[in-house]
Amino acid sequence: MAPNLKPSALENAFVLKALTENVRLDNRSFSQMRNLDISFSSTEYGVVDVRLGRTRVIVRISAEVTQCRSDRPYDGLFLISTEISPMAAPTFEAGRKSEEELVISRIIEKSIRQSQALDTESLCILAGEKCWLVRADVHFLDHDGGLLDAGCMAVSAALLHYRRPEISIVGTGNKREVVVHPVTEKVPVPLSVLHVPVCVTFSFFNMKLADNDDEEMDTDAPDQTAVLVDASLQEELLRHGFMAVTANTNKEICQIYKAGQLVVEIETLLSCTEAAVAVAEKVTKLIKRRLKEDEATRNVDNIFEEARAENTRLVADEEAIREMDKE
Amino acid sequence: MSRPEIYSPEGLRIDGRRWNEVRHVRCAINTHQASSDGSSIIEQGNTKVICNVVGPGEPTGGGVGGSGGNQRAKDDNRVILTVKAVVAPFSTIDRRKRSGNDNRVQEMCLTIQHIFEEAVMGHLQPRSQIEISLYVLSQDGGMLQACINAVSLALVDAGIPMYDYVCACTAGMYDKEVLLDLNRLEENDMPFLTMATLGATRKVALMQLETRVGIDRLEPMMAAAMSGCHHLRDVMDAEVRKHGKSRLARTGV
Amino acid sequence: MADGDRSDEVDAEDDDDDSEDERLFSLDPEADGDARITGVVKGKHIVTPGELVTSDATWMRGHGTYSVGNSTYSSVAGTITRVNKLLSVTPLRGRYVPEVGDHVVGRIIDVGTRSWHVDIGAKQAAVLMLGSVNLPGGVQRRKSESDELQMRVFLKEGDLLNAEVQAIFTDGAASLHTRSLSYGKLRNGYFLNIPSSLIIRSKIHTLELPGGVDLVLGVNGYLWLRKHTQQLGEQGVSITRLAEEAGWEIYSDENEYISPSIRETIARYANAIKALEFGEVGVNEPRVVAAYEASLEFKNVGEMVENDAKRRIARQVLAARS
């Protein structure tokens with residue numbers, strides 16, 4: 001279904017009517033996610049391909065050494081770029097930000113960057129001078145609903161998977177220089193990821209509109225809101241409201257975004273946040289499992305195993321140097 | 001320099017409030033008669049917002065919304081809302097010019113648009129447009145809540161039918177204490193959420209949290225924010241009634 | 001706070017007895033002088049959006065209300081109006097809502113095919129069909145293709161006219177007509193705009209005021225003050241000859257000579273009406289005259305733009321009422 005087309009009134013009525021009978025068009029239960037598949041690039045670190053049903057997102061992490069920002073001398077830089085190209089769906093225009101794109105990029109930003117999922121302090125190399133700039137480029141390849149959820153998972157998974165090149169500092173005093181060792185020379189190091197945010201979108205449907213089409217609100221009646229997890233594109237186009245909750249396995253909520261549209265009882269929202277934590281646990285488990293499987297294929301002949309031990313020592317040294325710099 | 005104590009053991013906050021006290025609210029409606037159909041000004045503590053509403057009127061076509069124009073079809077038999085916000089460069093301590101397409105401001109406009117598309121009885125004004133303009137004059141925490149409250153008041157002033165006021169309030173969690181209606185210093189120091197309810201009901205129009213917080217802390221924050229919203233409804237309602245009475249006394253036939 | 005008010009309910013059984021509760025709207029027709037004339041009981045009690053108006057299901061819900069189950073709630077801030085079993089809430093302020101028969105003043109915003117779009121300050125632009133205007137050369141003549149081509153000669157963008165609301169479309173937009181000689185293009189005067197809620201409806205909205213000035217008091221809050229001119233109908237022309245009299249001059253773009261004293265009187269009226277607007281005093285013919293008389297204490301018309309002067313005039317008008 002083309003996302004630029006508005007579903008007809010009959011489709012609308014059909015989906016709503018089905019929901020009153022607790023049926024989704026693809027026969028999932030209300031709280032069931034679509035099939036989630038996460039795979040990593042076999043050649044490169046930090047490239048992840050997430051498929052959520054027919055929605056597909058690829059994220060690529062890259063890093064370079066750059067100048068620190070003067071107002072935050074102890075922090076590295078972390079940028080997430082989420083531009084939705086017409087490749088995902090013809091509704092998205094290249095270069096022009098749609099409302100949907102704005103919301104998606106802001107929520108991913110809040111979920112991952114503002115929740116400090118990546119420890120930016122660990123990206124500092126020389127205080128006030130050099131730091132890492134980590135960039136996450138999110139590419140939305142196919143749109144069948146849930147771009148936000150898939151995008152957020154993909155960034156989290158990619159950050160866990162990425163290995164940045166090892167560096168060492170040469171010289172002393174003002175003549176210190178940062179040398180970046182190519183991946184072929186020294187074993188690259190993982191990023192310091194503090195927690196794994198997973199974004200879950202709940203779609204709300206006002207069941208009162210299912211039977212009669214009049215616009216009246218029944219404030220006295222019990223809450224008649226159907227809550228769907230991981231809406232498909234059609235459901236997304238028809239829903240009356242949504243809430244995006246980002247949670248992690250530490251039972252923390254990183255971000256909540258429920259902006260207008262259908263008004264929902266506070267109790268429903270609260271139970272959604274709890275459901276989000278459960279989903280986050282499941283998704284994190286899957287990400288971790290896939291990471292382990294990927295690790296296993298990479299270290300098939302164990303050539304890096306010995307180097308790894310040495311490498312941890314180097315990391316420790318680097319920490320010490322940074323401590324000295326701070327003082 | 002000693003940091004100010006966010007919440008003293010005696011239960012007082014930086015500005016001397018208790019945990020459950022909102023800042024002083026001053027509001028007025030019908031403040032800009034010449035330029036708008038409905039207008040309001042609201043001050044919540046040191047946060048100050050002006051709102052003008054023009055409409056419902058003939059759609060201007062292109063749409064001037066800060067949210068990137070109107071892509072919605074005109075055949076949609078509902079009112080078109082456009083929200084435009086200007087954050088004054090002098091509204092914060094460090095003078096800073098925000099560009100019009102600042103993502104945060106755009107997101108706020110979009111949020112407000114979505115809230116009021118639901119609260120306004122849009123089906124009663126087909127093929128017309130309501131333009132909402134917001135001017136943030138001063139920021140001391142709770143910009144979003146002040147904007148939402150200001151829009152509510154201005155829409156009521158414009159005589160646009162809506163189901164109820166939409167009233168918004170923030171609540172934060174300092175250690176294990178809930179604090180209501182945070183100012184800027186408090187906002188920077190603790191996780192907080194902004195909530196907007198439809199009148200004095202338990203129906204939530206907006207809930208936004210932008211900082212990490214344990215899930216067990218969420219419920220008390222939500223409860224506190226909701227009671228704050230209900231209190232603000234009373235304050236705004238009182239102002240509308242006061243204004244209405246004085247108007248009626250003069251216009252009475 | 002209004003906590004107490006929120007639970008107010010209107011009891012349908014109360015129809016006959018004089019309600020003692022002051023906060024409820026008065027159901028006694030004697031309580032309000034206008035009530036009997038209009039058949040509408042106006043209350044002094046203000047309701048606000050979301051407020052419960054009544055939980056009695058026997059009432060019919062009108063404008064400004066919505067219902068949830070059996071209860072009726074207000075959707076605007078205003079006063080309750082009751083006509084028989086119909087309950088509605090009249091907003092304190094709001095855009096003009098056109099009704100059939102309203103005499104309005106409007107401005108052409110667009111010339112379309114076979115119709116003009118007219119701004120009358122309502123939610124949507126009103127439509128003036130080519131077939132609903134008097135054209136030179138006969139009231140009832142058929143509109144020809146050449147008329148269609150020269151529509152801009154009759155009325156073009158920016159022109160002001162007064163008209164009557166002929167019909168309301170289903171979406172609320174108004175259709176106008178100017179098929180009477182008292183309607184048509186406006187000239188020889190001055191336009192001003194006040195909130196439509198301040199206009200008090202009456203039978204006649206083209207007022208002949210002392211001082212040789214006419215006022216077209218559009219129900220939509222658009223006003224036109226002009227030099228008094230003999231209207232065609234007033235010259236004793238028989239109805240049958242009206243058609244011939246309706247020549248090109250009704251679409252003339254030329255102002256007549258207006259003497260400085262008339263100009264000053266027009267300005268005085270305009271400022272007097274602005275004073276009424278400032279004080280949010282309802283506007284009708286006696287009030288405008290009263291405001292004009294009150295304004296005579298200011299020798300210089302320009303003085304009346306001061307807020308103090310406006311306040312003074314508004315207060316005097318209100319005092320004259322009681």
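Me: Which residues does A:A136 touch, not counting residues up to four places away in sequence?
Reply: Happy to walk you through this predicted model! A:A136 is part of strand β6 of chain A, which covers residues 130-142. Leaving out residues up to four places away in sequence, its contacts are A:V59, A:I61, A:I80, A:V155 and A:A158.

Me: Is A:A136 buried or exposed?
Reply: Count the C-beta atoms around the residue: a residue with 20 or more others within 10 Å is called buried. A:A136 has 25 other C-beta atoms within 10 Å, so the residue is buried.

Me: How far apart in space are A:A136 and A:S156, C-alpha to C-alpha?
Reply: Along the sequence, 20 residues separate A:A136 from A:S156. In space, the C-alpha to C-alpha distance is 9.9 Å.

Me: Where does UniProt place the feature "domain: Exoribonuclease phosphorolytic" in chain A?
Reply: The record is an unreviewed entry, and it gives two spans for this feature. One of them has end C-alpha atoms 39 Å apart, with 22% helix and 36% strand. In chain A, UniProt lists residues 32-165 and 195-277.

Me: Which residues touch the most other members of the largest nonpolar core?
Reply: This core has 171 residues. Another core lies apart from it, with 57 residues, among them C:I120 and C:L217. In the largest core, the residues touching the most other members are A:A154, A:V155, A:A158, B:C147, B:A150, B:V166 and B:M195.

Me: How many residues of strand β8 of chain B are buried?
Reply: Let's look at both sides of this strand. B:F192, B:T194, B:A196 and B:L198 point one way from β8(B), while B:L193, B:M195 and B:T197 point the other way, and all are buried. For β8(B), residues 192-198, the count of buried residues is seven of seven.

Me: Which residue of β9(B) is the bridge partner of B:T197?
Reply: β8(B) has antiparallel pairings with two strands: seven bridges join it to β6 of chain B, and five join it to β9 of chain B. In β9(B), the bridge partner of B:T197 is B:V204.

Me: Which residue takes a positive phi in the hairpin of β8(B) and β9(B)?
Reply: Four residues lie between the two strands of this hairpin. The phi in question is near 60 degrees, and it belongs to B:G199.

Me: Over which residues of chain B does pLDDT stay under 50?
Reply: Chain B averages a pLDDT of 86, and 89% of its residues score at least 70. One stretch scores under 50, although the model has 33 contacts for it beyond four places in sequence. Where pLDDT is low, the predicted coordinates should not be read in detail. The stretch to treat this way is residues 62-75 of chain B.

Me: Which element gives the largest share of the side of chain A that touches chain B?
Reply: The contact takes 33 residues from chain A and 33 residues from chain B. On the chain A side, the elements giving two or more residues are α2, β14 and α6. The largest share, 14 residues, comes from β14(A).

Me: Which residue of β10(B) is the bridge partner of A:E252?
Reply: β14(A) pairs with β10 of chain B in the antiparallel sense, over two bridges. In β10(B), A:E252 has as its bridge partner B:G214.

Technical notes. Residues numbered from 1 in each chain as written. Chains lettered and ligands numbered in written order. Predicted model: local features only at pLDDT ≥ 70, side-chain atom pairs only at ≥ 80, totals over all residues. Buried ≥ 20, exposed ≤ 12 C-beta atoms within 10 Å, placed from the backbone. Contact = placed C-beta atoms within 7 Å. UniProt positions renumbered as here; feature names shortened; annotations may be inferred. pLDDT = per-residue confidence, 0-100. Core = buried A, V, L, I, M, F, W, Y, C linked by C-beta atoms within 7 Å. Pairing = 2+ DSSP bridges.
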